[in-house]
Amino acid sequence: MYVLSRQLCHLKASVLILALSAMPLLGLTAWEARAQPEPAKVGEEVPGFEIEALRDSGRTLTPSDFEGRYVLLNLWATWCAPCIEKIPDLQEARQRYSEEKLAILNVSFDRSRSKATTFLDKREMPGSHAYASGGLGGEFGGKFARVPGESASMRGIPNLTLVGPEGKVAAIIGVGDSADLLVVLNKHLSRRRSG
């Protein structure tokens, strides 16, 4: 029993060291990890945000741009294979639900805008596009890319957050979540569906 307990302590220490060493990669200091904004939570008001449009850095997008509609915030990057695998689901969602009912905001977490725009020039991803210049460690990442149940410094993509027309978070499909996007959308939009 003592050996197992000791091994568990070593494992916890190793995980802590790994998490602390990953913070600089996320662009976070220990203080910033503690001082991050409150993350999005199902049933609560969507956290306020102002994010730059991907192709027009002078233009910003805010929740008020999508008032009265469901909004799907799709956090992605070109280097994220699971993010790319979600594109057919996004295309299917656009076919099922009109832009008047469902807005899609794709937020790139690539290191540079050019990687995302070059990718999008070759592959269709429906919706509006924005760029999280602060990366996963920035303000937008802190609000929407947190791994549920983990510490403030744990961030990940893909991450899909569905916000209802009243401005409350309806669902979050995070890293490692097996929920199917189309099933989640059908559950929330079926009563409000239009062609």
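## Contacts of phenylalanine 119

Leaving aside neighbours within four places in sequence, phenylalanine 119 is in contact (heavy atoms within 4.5 Å) with Trp76, Thr78, Ile84, Ile87 and Met125. The C-alpha atoms of phenylalanine 119 and threonine 78 are separated by 7.0 Å, although the two residues are 41 residues apart along the chain. Phenylalanine 119 has a relative accessible area of 19%, so it counts as buried (under 20%; exposed is over 50%, partly exposed in between, with a 1.4 Å probe and protein chains only).

This is a predicted model: local features need pLDDT of at least 70, side-chain atom pairs count only at pLDDT 80 or more, and totals for chains, interfaces and linings use all residues. Residues are numbered from 1 along each chain as its sequence is written, and side-chain values use heavy atoms, without hydrogens and water.

Phenylalanine 119 sits in helix H5, residues 113-122. Helices (H or I, at least four residues) and strands (E, at least two) are DSSP runs, numbered from the N terminus. Ala116, Thr117, Phe119 and Leu120 are the buried residues named in H5. They cover an arc of only 160° around the axis, so they lie on the same side of H5. That arc is taken from the directions from the helix axis to the C-beta atoms. Lys115, Asp121 and Lys122 are exposed on the other side.

The buried residues of H5 pack against strands E3 (70-76), E4 (102-108) and E5 (128-131). They also pack against helices H3 (81-85) and H4 (87-96).

## The disulfide

The whole structure holds one disulfide (cysteine sulfur atoms within 2.5 Å). Cysteine 80 is joined to cysteine 83, S to S 2.3 Å. Both cysteine 80 and cysteine 83 are buried. The disulfide is right-handed because the torsion about its S-S bond is about 75°.
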